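Biologist: I am new to this structure and would like to learn how to read it. Could you take me through a few features, one at a time?

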Amino acid sequence: MNEAFVLDEELKNRLTALTNDYSTKLAALLPALNIIQDKFGFIPPEAEQQIAELLDIFPTQVREVTTFYSLFYNAPVGHHKIYVCYNLSCCIEGGGKLLHYLAKKLRVSVNETTRDGKFSLYRTPCTGACEKAPVIIVNGAYHYNVTPEYIDELLTKLG
Amino acid sequence: MIRLKINDIPIEIEEGKTVLEAARAHNIRIPTLCNQADLAPYGGCRLCMVEIEGYQRPVTSCTLPCHDGMVVKTDSPQLKDLRRFTLELILSEHPYSCLICDKKEDCAKFMLCIQKEPVTLGCKYCSKDGKCELQVLVEELEIKEIPYPLTYRGLEVERWDPFFERDYNLCILCNRCVRACNEIRHAGVIQFQYRGPDTVVGTAFGLTHLETACQFCGACVDACPTGAMSERYGKWGGVPDKKVSTSCSFCSIACEVLLNVRDNAVISSEPEHHPLCVRGRFGISQFVHNPKRVTEPFLKKGTRIVEVEWDEALQAAVEKLREFKGRTGIIFSPNLTVEALDALIELENSGFGILGTSLDSLSAYADFSLEQFSKPAPIVVLNTDIIDDFSVLMLQIRKSWKEKTPLIVIDSAQTKTADKADVWLQPKLGKEEDLLQLLFSESDKRNTTGVANELIETVKAMFNGNGAYLFYNPSNIAHVKLPGSVKAIPLFARPNLSKIMNMQVQNSNDILHDDSIDCLFLVGESPSLKKTYKVIIAQDHFIPACGYDIFLPAATFAEVDGSFIALDGKRRTLNKAIEPVGKSKPDDWIIKEITNNLGVEAGTTTRAKEPTQKATPKQVKPTGKYPFHLVVRENNYRFRNKSLSSLMKGFKKFRNDDCLWIHPADAENLKLKDGKKVQIISKDFSLTMTAKVTDSVPAGTVYAFHDPSAGLVMDKIVRLECIES
């Protein structure tokens with residue numbers, strides 16, 4: 001087991017405390033995975049194994065959940081995760097071009113991470129903010145009416 | 001009771017049953033794919049849709065509980081359309097050329113078209129042809145063509161595991177294998193992964209089944225309605241002519257098993273009422289039709305071994321037995337039928353030889369029945385790998401309990417059961433009995449077992465005054481004194497114990513050490529010999545390791561009518577599924593022929609019978625000359641004179657019992673690497689084995705499986721020499 005992904009006592013206590021909030025231990029799985037992802041940036045297989053032990057379920061059950069949700073990452077991803085909406089409203093307002101612009105600027109294609117591990121680029125279906133298209137989501141925060149200039153600014157700010 | 005109407009037939013059914021169950025109980029057909037009687041309803045395939053009066057749209061009958069006054073329709077034209085549409089969608093991801101081709105009736109016979117569909121896309125080349133549930137449904141719903149293009153998923157066929165292989169391109173995601181693994185076996189090895197069109201059945205982290213906790217019980221293979229999961233051996237066996245119900249003889253639990261027979265060959269076996277383990281599910285057909293099996297009588301003439309007729313072989317055996325009258329040792333395997341054992345007693349009574357078997361510690365024998373386990377209590381497992389060796393017993397006991405009770409393992413080695421246990425106590429070797437004392441009685445004895453006091457307290461708290469069930473391996477521990485609340489159940493690997501106890505036979509070791517014996521008659525056993533014998537008569541399926549002068553081929557348990565006695569003391573019947581292979585004959589027939597030909601009246605015993613000596617386990621202490629403690633574990637994957645892993649590749653991969661487990665520190669001292677040969681030397685024997693370096697055994701000890709033909713019978717102190725680095 002990779003030493004780096006061994007859960008420390010404090011984290012284990014947090015996860016165990018979670019189980020008290022739910023009627024079954026299995027129900028605590030999603031919040032537990034969120035905590036792990038916050039800590040490591042992705043969900044390492046070692047952590048999955050340990051969560052399975054803590055929650056008294058099979059490792060396959062954890063695997064089923066982490067592979068089902070596309071927002072759980074099974075491999076290391078960039079520090080900043082950029083999602084570009086590619087649905088109709090955003091594309092009419094230039095969302096598609098934004099995606100190309102970002103890809104070119106970061107020198108990655110969609111679903112990839114930059115070499116320095118800073119940025120990951122993804123597409124996302126409709127985010128429900130069509131009135132302010134085009135929309136991108138960076139680390140969970142919405143950015144509206146995005147233009148290439150705005151992206152330049154944002155990328156410099158994020159470093 | 002609830003009254004409802006299905007297709008205008010009034011039906012009465014108890015509360016809590018689903019509409020599907022009610023319909024099935026009255027022979028009303030509702031097509032399903034994801035439903036399996038012993039699994040919880042899933043509602044995945046949407047084929048069991050029914051119309052119910054007062055409901056706006058059709059509902060799945062497998063998930064709908066019956067209620068009073070329900071009026072159900074299961075066969076309207078609209079429903080048929082709906083089902084056809086659903087099945088068409090399911091088939092758009094399953095190669096369907098084998099299902100809807102207009103030439104399919106004549107295909108296998110005449111090979112009408114030159115251009116065949118590729119093998120991967122089906123045609124008549126699916127191993128499930130004739131047994132596929134999709135074929136039945138396509139026929140029933142009269143689907144002639146599918147309006148959608150086929151999406152072939154192009155997944156790699158998973159052929160890297162023993163016993164079964166998986167082609168998930170044929171998978172329709174009915175979830176039956178996943179539920180069978182979780183609900184029937186509680187193994188949790190496979191699960192759906194990813195979602196939407198990417199959904200696939202898989203193991204955690206993409207491990208092979210060998211690397212996971214898979215027990216290869218085959219529950220998933222039996223559950224699969226398509227050809228996605230298939231048995232490696234019986235895959236192309238075709239549709240069976242008949243199914244014969246008999247009992248699996250590989251171990252003492254003796255599960256009921258259905259043998260699929262075609263053209264006088266066992267093509268596969270399947271569970272009848274209860275789940276099977278890997279031996280019963282995948283072992284039987286490979287064992288019966290093993291290429292190493294010898295089915296003709298052989299005779300040693302001078303230096304040559306010649307195939308002969310039965311008359312000649314029997315005549316030779318009888319002559320030798322006459323020649324060595326009173327100087328013959330008959331060593332038999334407990335794996336025989338009761339009839340064969342009776343015949344052996346008659347043979348011994350005729351005074352030609354003495355009977356012996358290699359069972360030790362019979363004094364611990366106790367009958368038990370599953371009713372004994374009515375009260376849930378913690379399970380303590382001592383020195384036995386219950387999940388590997390007695391998985392079916394464990395399942396049945398735990399299935400009858402609603403609540404889950406803790407599983408506590410006491411074992412000096414880290415077995416598969418120890419991995420799965422709630423608590424694993426690792427005492428020092430030889431301290432197991434002390435640990436039991438500490439656990440179950442309020443003794444003030446000092447704790448020298450090597451297990452932390454806190455851990456013992458934790459386990460004691462689990463018992464909570466409820467008592468416990470203790471399963472132990474009788475060959476390692478002889479006397480366990482326990483309070484009344486603890487039920488101790490010795491787990492013997494071999495059947496027929498109550499019968500053999502009454503036979504008052506010798507220990508085979510005594511016979512082998514007896515210098516006056518010059519002739520050995522081995523019935524299904526192959527001991528390691530201490531001296532050279534003038535004649536060895538062997539009666540078995542396979543050539544014994546010790547060699548022979550006369551070989552009499554015996555029929556396997558699938559080829560005989562008879563019975564044997566299981567661990568619970570009850571008689572299990574064996575039903576003949578196929579005619580004996582080749583010239584082989586049933587054990588009892590051979591022994592009776594010999595006895596009759598010897599022509600001596602019964603009741604003229606020459607030698608006074610002595611009762612079997614109780615074997616007391618000797619404490620072995622490693623010394624300077626022999627620094628290692630060799631622990632011999634009971635081997636439940638052994639049948640008559642062979643271990644299953646020496647006969648079948650799958651078992652060799654799954655559980656190689658021909659290896660010596662050694663701790664990495666000891667291996668490093670010896671400069672021994674994993675998979676290399678090592679020589680084991682003790683005072684009275686030497687043996688070469690393959691080393692398996694693992695930290696699951698404590699340092700200073702080495703573990704091997706029970707193997708009488710190699711001389712591995714009892715714990716010993718040994719010296720190791722690395723002969724290959």
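Modeller: Gladly! Keep in mind that this is a predicted model. Let us start with one cysteine: Cys126(A) sits in the loop that joins β3 (119-124) to β4 (136-138) of chain A.

Biologist: Is Cys126(A) buried, exposed or partly exposed?

Modeller: A residue is called buried under 20% relative accessible area and exposed over 50%, with partly exposed in between. Cys126(A) has a relative accessible area of 43%, so it is partly exposed.

Biologist: Which residues is Cys126(A) in contact with, leaving aside its neighbours within four places in sequence?

Modeller: Those are Cys85(A) and Asn87(A).

Biologist: Where does UniProt place the feature "binding site"?

Modeller: The UniProt record, an unreviewed entry, puts "binding site" at Cys85(A), Cys90(A), Cys126(A) and Cys130(A). They are spread over 46 residues of sequence, yet they cluster in space, with a largest C-alpha distance of 9.6 Å. Cys130(A) is also found in the loop between β3 and β4 of chain A. Its relative accessibility is 35%, so Cys130(A) counts as partly exposed.

Biologist: Now a helix, please. How should I think about the sides of one?

Modeller: An α-helix has 3.6 residues a turn, so residues three or four places apart point the same way. Now take helix α3 (residues 45-55) of chain A, where the buried residues are Glu46(A), Ala47(A), Glu48(A), Gln50(A), Ile51(A), Ala52(A) and Leu55(A).

Biologist: What do the buried residues of α3(A) pack against?

Modeller: They pack against α1 (9-19), α2 and α4 (59-68) of chain A. Just after α3(A) comes Asp56(A), with a positive phi of about 60°.

Biologist: Which residues form a nonpolar patch on the surface?

Modeller: Leu30(A), Phe68(A) and Tyr69(A) do, and together they have about 250 Å² of accessible area. Leu30(A) belongs to helix α2 (residues 29-40) of chain A. A patch residue needs over 30% relative accessible area. Leu30(A) is at 35%, so it is partly exposed.

Biologist: Let us step back to the domains. How is chain A divided?

Modeller: The domain assignment gives chain A domain 1 (3-68) and domain 2 (80-158). Their centres, taken over C-alpha atoms, are 30 Å apart.

Biologist: And what are the domains of chain B?

Modeller: Chain B has domain 1 (2-140), domain 2 (164-288), domain 3 (298-362 + 496-598), domain 4 (366-490) and domain 5 (628-722). Domain 2 of chain B and domain 4 of chain B have C-alpha centres 30 Å apart. Their contact takes 14 residues from domain 2 of chain B and 10 residues from domain 4 of chain B.

Notes
Residues are numbered from 1 along each chain as its sequence is written. Chains are lettered from A and ligands numbered from 1 in the order in which they are written. This is a predicted model: local features need pLDDT of at least 70, side-chain atom pairs count only at pLDDT 80 or more; totals for chains, interfaces and linings use all residues. Side-chain values use heavy atoms; hydrogens and water are left out. Patches are made of residues with over 30% relative accessible area and no salt bridge: like charges are joined within 9 Å, nonpolar side chains (Val, Leu, Ile, Met, Phe, Trp, Tyr) within 5 Å. Accessible areas come from the Shrake-Rupley method with a 1.4 Å probe; for residues, only the protein chains shown count as cover. A salt bridge is a side-chain nitrogen of Lys or Arg within 4 Å of a carboxyl oxygen of Asp or Glu. Helices (H or I, at least four residues) and strands (E, at least two) are DSSP runs, numbered from the N terminus. Buried means under 20% relative accessible area, exposed over 50%, partly exposed in between (1.4 Å probe, protein chains only). Domain bounds come from an automatic or database domain assignment. UniProt positions are given in the numbering used here, feature names are shortened, and annotations may be inferred rather than shown by experiment. Contact means heavy atoms within 4.5 Å.
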